[in-house]
Amino acid sequence: MTARRGEGGFYLGGAGPGRGRGRERAGEASGAAAAAAAAAAGPAAPAPPLENGAQNPNSNRNSLQMRAVPSGKGRFEKSAAGAAAIFPAATAQAQAPGPGRLGAGHGAHPPAAPGTVDRSIDRSIAALPHLPTASASGGKFHLISKLGRVEKSVEAHCGAVLAGRWNYEGTALVTVGEDGQIKIWSKSGMLRSTLAQQGTPVYSVAWGPDSEKVLYTAGKQLVIKPLQPNAKISQWKAHDGLILKVDWNSVNDYILSAGEDCKYKVWDSYGRLLYSSQPHEHPITSVAWAPDGELFAVGSFHTLRLCDKTGWSYALEKPNTGSIFNIAWSIDGTQIAGACGNGQVVFAHVVEQRWEWKNFEVTLTKRRTMQVRNVLNDAVDLLEFRDRVIKASLNYGHLVVSTSLQCYVFSTKNWNTPLIFDLKEGTVSLILQAERHFLLVDAGGIHLYSYEGRLISSPKFPGMRTDILNAQTVSLSNDTVAVRDKADEKVVFLFETLTGKPLGDGKLISHKNEIMEIALDQRGLTSERKIAFIDKNRDLYITSVKRFGKEEKIIKLGTMVHTLAWSDTCNILCGLQDTRLTVWYYPNTVYVDRDILPKTLYERDASEFSRNPHIVCFVGNQVTIRRADGSLVHISISPYPAILHEYVSGSKWEEAVRLCRFVKEQTLWACLAAMAVAHKDMTTAEIAYASIGEIDKVQYINSIKDLPSKESKMAHILMFSGNIQEAETVLLQSGLIYQAIQININLYNWDRALDLAVKHKTHVDTVLAYRQKFLEAFAKKETNKRYLQYAEGLLFLFSITVVFVTYLPSTMDCTKHWSRCKIIR
């Protein structure tokens, strides 16, 4: 078994008039609203059968228990106020007054008829936790404090205000209405601009992740309009019916849309379709991303669905609430509030998440309880927590769990004595693990802890936004932390784990295109640490993280790579490349001998994984892949490359050769050849190259072994690896000027050879002679003015020398005067 991201289902709080399965007490919900609703909760009823295709075979069991908070004068206000801190958007929905809409004192809205949509009901404006709630009534919107007091009312649109959103910084509000206008407002309710106007109502709107663009609906089309004037507008047909809801996540940059064609769809920010659901029985009336972008919720008539970010469904529940018109997530991503057509607010909790690593399986059975199962002996342990579980990660022999207030660190060797420490900055949004330590991301920043609970460091850089960091933009190894910058997606920051300071000389990794995903290798020395990343064009690159002075090369490994992962036991890289799974058994081959890189790969057809599969993890020699329908596929690769890595890291070259002779695979011999050259073991390299038929390289290695000095051998080994500049530097530092000139001549690098000769005032005539011989071989004449100039100078000096020697008196010491001639030359 291998580690994989947690899966989940719904626990819908309370019983109310809905139907569902229950596994937790009604009183466990957060806020006064939940407590008030618990008093009215009725007995749970059996859940209706799931729809076809509602849940994939590999997703978890789901629990359902309803709590619906009814709308009514006095009581609803109290309930809504209790939920305001957790579900500000749901509160805004509930406080929207008006005939036939949810609102205190206006009674419950009757359920919409199946197959119809009451578009007037969604007149709510989502709030941020630190900002006033905004609600809409007719053509106005109201700024409402957390205490429920109306701070300001603004005449915004001619006709109803249909939707609105605060931007992610909380500095601007966008509203849309029946008049087809999209308006931008300040925090205090002052109109900044009218962004766009169209002839049809705009039913939904969302901000882009950088708050520089706005997404809105235009009938059956989606429109992305930048705030800058005259900037290019993106527009495409998204549905076959009116689009009712949109959402745009700031972490994964994906777009959700839902419409009257009874479908919900997932798009990237360029308008490319990533997922389209099968038609439902009724129009989709609400969609909403979880804050971390890993899940989203979908609401329809008597329907609440939990989905993965790629579109497939974790769970389907059937609360008897009418259409769910608006959905809001809690800030920690564990709870959902839904505004329902029958005038009630339904609360749901994500449970039954699961994590696996080797022979251990951990399941979140309740919000405060985990079950650990060892599949080898069927031993079961229950882990109880004081507060609800927010995030968890299982890897490298440790389970790290964050609750709303504390962090728990369990060892897989002893589940009874966890290490516990308090969290200072609140909700944890991301947990990453390495062999020696783990990383937590919260509102206060990035924090590295040892498994003993000691704070190691807190890396920071200017403009860092922790709310948009995820597992694709942050990577951790034993000695390095890598973070892709959101302000400039072409840049990756590198930090030392022990100090939190920039790595090396502080230079960043800067790429020509936007970087989409990064991953650090997990094994080896710090000086050899590599980072692989996928850019916007889906090209895979690799480069070194240690940067001192010189610019490290960024080398392309592959094209059309959609997802990648490093092995946790050795530096083997795998990726889904177009229609095949590719495993790079020794990615460093690109730095040693790029010619044999294809011989170090393992490839297999990936068509069986269907469209848009994703690599979940790479543990040992097993790659776990999640298909588009949510099912997991486990692929085993050869264990021999990992054994070879282990032998080479321990300098056991004889054992490595014996392993290759036993396996008798060209791939393994090619890996050994590259490893041997990288470690300067030319004897092993000669054997390996001979085994894969690279005779010319065997001959070159033999010539290297015959060189007289250690420096010469080192330089030619570097040349063999393609590091010409480093080879030249070694020779120059050793005083081997002629050899440095000669390697440039052999590579036909004439300008560099001449520069070295002139700079060191030696062998200029040698360079010119080789140059002349080269030109004569192609029946060419010298046209380079620089070479002609030096050739004329040498000819002049040669003529002076000849004349001087000719007129020497016969009685003088020729040897002494010849020495003078050499000085003149």
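Trainee: Over how many bridges do strand 32 and strand 33 (residues 414-422) pair?

Mentor: This is a predicted model, in which local features need pLDDT of at least 70 and side-chain atom pairs count only at pLDDT 80 or more, while totals for chains, interfaces and linings use all residues. Residues are numbered from 1 along each chain as its sequence is written, and side-chain values use heavy atoms, with hydrogens and water left out. Strands (E, at least two residues) and helices (H or I, at least four) are DSSP runs numbered from the N terminus, and two strands pair if DSSP finds at least two bridges between them. Strand 32 and strand 33 are antiparallel, and the number of bridges over which they pair is five.

Trainee: Which residue of strand 33 is the bridge partner of Val409?

Mentor: Strand 32 is joined to strand 33 by a hairpin that passes through two residues. Across this pairing, the bridge partner of Val409 in strand 33 is Leu419.

Trainee: Which residue in strand 32 is the bridge partner of His398?

Mentor: Strand 31 (residues 398-403) runs antiparallel to strand 32 and is joined to it by five bridges. These strands also form a hairpin, with two residues between them. In strand 32, the bridge partner of His398 is Ser411.

Trainee: Why is strand 32 (residues 406-411) described as largely enclosed, and how many of its six residues are buried?

Mentor: Buried means under 20% relative accessible area, exposed means over 50%, and partly exposed lies in between, using a 1.4 Å probe and protein chains only. Strand 32 is largely enclosed by the rest of the structure because, of its six residues, the number buried is five.

Trainee: In strand 22, which residue is the bridge partner of Leu306?

Mentor: Strand 21 (residues 303-308) pairs with strand 22 in the antiparallel sense over four bridges. In strand 22, the bridge partner of Leu306 is Ala315.
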